[in-house]
Amino acid sequence: MTAKRVFSGVQPTGNLHLGNYLGAIKRFVPLQDTHDCIYCVVDLHAITVWQNPQELLRAIREVTAAYLAAGIDPKRSIVFNQSQVAEHAELAWVFNCVARLGWLNRMTQFKEKAGKDRENASVGLYAYPNLMAADILVYRADAVPVGEDQKQHLELTRDIAQKFNNDFAAEIAAKGYNDGYFPLTEPLIAGPAPRVMSLRDGTKKMSKSDPSDYSRINLTDDADAIAQKVRKAKTDPEPLPSEEEGLKGRPEAENLVTIFSALSGRDKAGILAEFGGGQFSTFKTALADLAVESLAPMAGEMRRLMADPAGIDAVLRDGSNRARVIASKVMADVKDIVGLLR
Ligand code: AMP
Ligand code: TRP
């Protein structure tokens, strides 16, 4: 039996943070032991909103450095940037013709990102979920590890796969595929912290685009910055509860305990048994130490890798060449199935 295939992507839009790490990148690493993994820097997704070109190029290398520093092995897995494999954009066009306007109109991330001035959002931002479906399906990936916020996009990916399989059922069967051409890809949203919240507001997710840098811990923050952000993190006036039940309705406290749990690998019950009833400041000091201890080596490794951009570019070029081998076969099949001459 061949190993199942995993695909995931992170946008190079600056400010990689603890949510990206715990919700996604950290979870990419152990999957390498059980799956064939493809990890992508999704630069074409990034340009759906304006990016400064020099900054974009730097951010593409920085996400790559974060992948490598976290423990993704570019020999075992495929690590590459999306724009070097043209098949992503090519399949996205076919999917633009499969997905329905009504489906995209329901996407909450578009509504959030476009905000009030929807008329002025790029067409790319609107069609973004179709490109994401193409990223995944151009490798016919079985599973996709992501944070909670991507759940709706993965449901759309399955809808697109299913409609394609139905619309072209006869052609797909004639090619010898008895179970449809595209798999119904499984979302992997588990993990201890699928949704890390802002340090300033426990009801909002931690995000790259929050104007307050105090809302997030960046993967490149130094020890002082991390300690200060944890110390200033919003909490309520009550002490920490001794049991999980007591976290209900206290989103800031719950978020900090979740982060502690995800970084330490300890369960919440044990953490609350230790810190419950005590001062928040004692817990925050322990959390800051833990965060520094967990993130500082990675930040150091990222800096080391970033000092050699040519080395990073070589990894991406090699990964792109290997990705293209898989993607071009799938794209050739799609052309045959749809009735395009090649
Ligand atoms: P993005 O930065 O939007 O490209 O997201 C990259 C990955 O990080 C995706 O799998 C997201 O679901 C995940 N992610 C982003 N923000 C968070 C968060 N606050 N908590 C957990 N996962 C997140
Ligand atoms: N939309 C994802 C995000 O914002 C990034 C992404 C693009 C992605 N293509 C993907 C994630 C394919 C998983 C699989 O986080």
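The points below treat the ligand site, the pockets and the cavity in turn.

1. Basis of the note. This is a predicted model, in which local features need pLDDT of at least 70, side-chain atom pairs count only at pLDDT 80 or more, and totals for chains, interfaces and linings use all residues. Residues are numbered from 1 along each chain as its sequence is written, chains are lettered from A and ligands numbered from 1 in the order in which they are written, and side-chain values use heavy atoms, with hydrogens and water left out.

2. Surroundings of ligand 2. The shell (residues with a heavy atom within 4 Å) holds 13 residues, and Q11, Y128, M132, D135 and Q150 are the closest. α7 contributes the most, four residues. Seven residues of the shell are nonpolar, five polar and one charged; here Ala, Val, Leu, Ile, Met, Phe, Trp, Tyr, Cys and Pro count as nonpolar, Asp, Glu, Lys and Arg as charged, and the others, Gly among them, as polar.

3. Polar atoms at ligand 2. Which distances separate ligand 2 from the side chains of Y128 and D135? An N or O atom in the Y128 side chain is 2.7 Å from a nitrogen atom of ligand 2, and a polar side-chain atom of D135 also lies 2.7 Å from a nitrogen atom of the ligand. For Q11, a polar side-chain atom lies 3.0 Å from an oxygen atom of ligand 2.

4. The largest pocket. Ligand 2 takes up the space of the largest pocket, whose volume is about 1200 Å³. Of its 43 lining residues, Q11, Q109, K113, D149 and K205 are the closest to the centre. A pocket is an open set of points on a 1 Å grid over the protein atoms alone, with protein on both sides within 12 Å along at least five of seven lines; lining residues have an atom within 4 Å of a point. The lining comprises 15 nonpolar, 18 polar and ten charged residues.

5. The second largest pocket. About 330 Å³ of space lies here. Its lining has 18 residues, with N96, V123, G124, A127 and Y128 nearest the centre. The largest share, seven residues, comes from α7.

6. The cavity. A cavity is a set of grid points where a 1.4 Å probe fits but cannot get out. There is one cavity of 30 Å³ or more, and the largest cavity holds about 40 Å³. M107, Q109, F110, K113, L125, Y128, P129 and H153 form its lining.

Definitions and conventions. Grid points are joined across faces, edges and corners, and a volume is the space filled by probe spheres set on the points. A polar contact is a pair of N or O atoms within 3.5 Å; within protein, one must be able to donate a hydrogen and the other to accept it, and residues adjacent in sequence count only if both atoms are side-chain atoms. A molecule sits in a cavity or pocket if more than half of its atoms lie within 2 Å of its grid points. Helices (H or I, at least four residues) and strands (E, at least two) are DSSP runs, numbered from the N terminus.
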